[in-house]
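The sequence and structure come first.

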2 protein chains.
Amino acid sequence: MLNEKNFVVSHECSDCPIRHRAVCARCESDELTRLEEIKYYRKFEAGSHVIWSGDRMDFVGSVVSGIATLTQTMEDGRTQMVGLLLPSDFVGRPGREGAAYDVVATTDLTMCCFRKKPFEEMMQRTPHIAHRLLEMTLDELDAAREWMLVLGRKTAREKIASLLSIIARRDASIHPGKVDGPLVFDLPLTREAMADYLGLTLETVSRQISALKRDGVIELEGKRHVTVPNMGRLMEEAGDDSDGGMLV
Amino acid sequence: MLNEKNFVVSHECSDCPIRHRAVCARCESDELTRLEEIKYYRKFEAGSHVIWSGDRMDFVGSVVSGIATLTQTMEDGRTQMVGLLLPSDFVGRPGREGAAYDVVATTDLTMCCFRKKPFEEMMQRTPHIAHRLLEMTLDELDAAREWMLVLGRKTAREKIASLLSIIARRDASIHPGKVDGPLVFDLPLTREAMADYLGLTLETVSRQISALKRDGVIELEGKRHVTVPNMGRLMEEAGDDSDGGMLV
DNA sequence: TGGAAACCTTGATGCAGATCAATTTGAAGG
DNA sequence: CCTTCAAATTGATCTGCATCAAGGTTTCCA
């Protein structure tokens, strides 16, 4: 299971986002080397579980490519997505034994992982890694709380617009350049997964997407390919105050 | 405004929860002394703002007594509570300039504060403080995500039961002893504040509380004084899987 | 090339919770 | 003790989303 250790990349590494987002913002190169020693890659098929809620979780890591979701489920089967993991997002709970949620790959997924024990030891030795993790956890907390407003107070149409707006902005930040003009992207989620994120049913999601399309807020080609001709308009529909912060 | 600095207490201090919950789990006494030097107390009247969303926030701290809430508001006035601060809870975002939410005292409130700058410097010098903060932030993240399930997927009755169950458990952990038997506490929130937490209207909150009372799940004396004769029953009503974790 | 399975759309109907509207309760202050 | 005002309750009605149901599309594999 835990194989592919000692994967070596150059220190200018660009294939592993954890270097930039999670850990190595200000790393010295010998720290990088130590990280390389405990680093390995894992691949998951679309639909498979990365980890089950409650299971022992012996790694931390970040998404290299693909999409994963964090979900909670009640005994009777009602489920709520509590997080969306896009490339460069971090997963893991340093200092915690078990996983708190199901982590599911919704597309084929590659993750860059570090075994938890040595990662935690490295955290002890290099304080700025702990700071970077605190930073990231605060970001996630902000995103979760922003999402509480969406779940608690927004209408179905606003919820859909909020989700599209998040995905559009995330996508735009991954493929930079082309600052203005229409945004184009593919929805990485099924209607059902969107419903689980938004606290709706898949039928309502479908209807509201059709409505936004009918009203010219978005254009759809097939079921997944979206064009947003006017991002400002979409954000108005989401009920966001003007340019708002990054979610998720 | 920022006065009462250099408040001095003995190192066996029991009046300031930050010592135990936030910072000083494993402090050496000279670190405690340094903390004493930047520590001060602030009092707020019921209904007043501790901080406004977006304002510069130059302190961190923890609740000594009273209740505060974290809320977000949309332009049209819809509001969603995103956190509930009970005694011993920590507020503050080390490394962040501004406040992300309104923090409002819902009862008279006393906070134990540390000026942010020196607090952050102390964090640099004493790694276990950073670890403790990461720990606490992960707890808050869990609570926020647990609450996303409540907001997105639970019925009004389940939402009320969930909130009562959180408050009951928090209250029980503050006043320990009396392990079993009925739990008794006072609701620290108005019906409207509960509605803002639960994504409901105050009328629905009132109706569902009446219903839980009618069905014998809780007993009410006046509008605020609650007795829970059977905690297990309340948690069933909340839809929680058996004994579940601590929220908030 | 055809058939199955997964995914999506659209329609009809029902209901939980919102909204609108009176009262009632209870605490604070004169 | 009476007045006042915020907080809470309760009722009547409305509506947005869920639910139930019936196709339609796309993908993939035989």
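## D215(B) and R157(B)

D215(B) has a relative accessible area of 35% and so counts as partly exposed; buried means under 20%, exposed over 50% and partly exposed in between, with a 1.4 Å probe and protein chains only. R157(B), at 22% relative accessibility, is also classed as partly exposed. The two residues form a salt bridge in which the closest N and O atoms are 2.2 Å apart. A salt bridge is a side-chain nitrogen of Lys or Arg within 4 Å of a carboxyl oxygen of Asp or Glu. D215(B) sits in the loop between α7 (202-214) and β10 (219-221) of chain B and R157(B) in helix α5 of chain B, so that distant parts of the chain, 58 residues apart, are linked. Helices (H or I, at least four residues) and strands (E, at least two) are DSSP runs, numbered from the N terminus.

## Basis of the values

The model is predicted: local features need pLDDT of at least 70 and side-chain atom pairs count only at pLDDT 80 or more, while totals for chains, interfaces and linings use all residues. Residues are numbered from 1 along each chain as its sequence is written, chains are lettered from A and ligands numbered from 1 in the order in which they are written, and side-chain values use heavy atoms, with hydrogens and water left out.

## Other salt bridges

Side chains of opposite charge can pair when their charged atoms come close. Over all chains, the count is 30 salt bridges. In one of them, K154(B) pairs with D240(B), with 2.9 Å between the closest N and O atoms. K154(B) is in the loop between α4 (127-153) and α5 (156-174) of chain B, and D240(B) is in the segment after α8 (231-238) of chain B, so the pair ties together parts 86 residues apart in sequence. K154(B) is buried at 9% relative accessible area, and D240(B) is buried at 19%.

A salt bridge of 3.1 Å, N to O, joins D196(B) and R153(A). This pair crosses between chains, from helix α6 (residues 191-198) of chain B to helix α4 of chain A. R153(A) is buried, with a relative accessible area of 16%. A network of salt bridges links R93(A), R96(A), E135(B), D139(B) and D142(B).

## Helix α4 of chain A

Of the 27 residues of α4(A), 22 are buried.

## Cavities

The whole structure has six cavities of 30 Å³ or more. A cavity is a set of points, on a 1 Å grid over the protein atoms alone, where a 1.4 Å probe fits but cannot get out; lining residues have an atom within 4 Å of a point. Grid points are joined across faces, edges and corners, and a volume is the space filled by probe spheres set on the points.

The largest cavity holds about 190 Å³. Its lining has 20 residues, with V91(A), G92(A), R93(A), E140(A) and R145(B) closest to the centre. The second largest cavity holds about 140 Å³. It is lined by 15 residues, and R145(A), L70(B), V91(B), G92(B) and R93(B) lie nearest its centre. α4(A) gives the largest share of this second lining, three residues.

Definitions and conventions:
1 Å grid on protein atoms, 1.4 Å probe; cavity = no way out; pocket = protein on both sides within 12 Å on 5 of 7 lines; lining within 4 Å.
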